[in-house]
Amino acid sequence: MSPLPKAGVGVAAIPHPVIGGASLAMLASVAVGGIQTLTKVDMKDNRNAVIVSTSIALALLVSFKPEISADMPFWLQILFGSGVTIGSLTAIVLNLLFFHLGHQHGDDVAVVVGRSVGLEQLNQISLEEFVSALAPLFTGAV
């Protein structure tokens, strides 16, 4: 018994194609929000590219092959049975591994004569210093 039986009857009277169209519009809106979020991510950092690609790949795999989770225990089927769930969990775990645990990478763009050089340092040196410091990297002399 619904607390609002007339409202329940009204919702039940909505044709399935209308509900499908509304669901499609809502899904498209969520997808656009996700794409807008991803445009703010630095994809030049390979860690971010790995996080996004792995999460999307696993989410699509579970979505297109739902029988993958059939042989797992029930409590794991809950996690692996939904593309949204496995994609989200994958993104969270990889983000923790790459950005919050272990060795952190700085903003260094090169290693010259055994020391790391950042972009700001690289921009401040003269052309002659730049060529003499980085030429061995391209000629194989290092």
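The lining of the largest pocket comprises 13 nonpolar, seven polar and no charged residues (Ala, Val, Leu, Ile, Met, Phe, Trp, Tyr, Cys and Pro count as nonpolar, Asp, Glu, Lys and Arg as charged, and the others, Gly among them, as polar). The model is predicted, with local features needing pLDDT of at least 70 and side-chain atom pairs pLDDT 80 or more, whereas totals for linings use all residues. Residues are numbered from 1 along each chain, and side-chain values use heavy atoms, without hydrogens and water.

Helices H2 (16-38), H3 (46-64) and H5 (83-99) each contribute at least two lining residues to this pocket (helices are DSSP runs of H or I, at least four residues).

Two of these helices, H3 and H5, also pair with each other. Their axes come within 8 Å and cross at roughly 160° (axes are lines fitted to C-alpha atoms over the stretch in contact, with angles from 0 to 180 degrees between N-to-C directions). H3 is therefore roughly antiparallel to H5 (angles over 145 degrees). By class, their contact (heavy atoms within 4.5 Å) has ten nonpolar, eight polar and one charged residues.

How values were computed: Angles under 35 degrees count as roughly parallel, over 145 as roughly antiparallel, 65 to 115 as roughly perpendicular and the rest as oblique.
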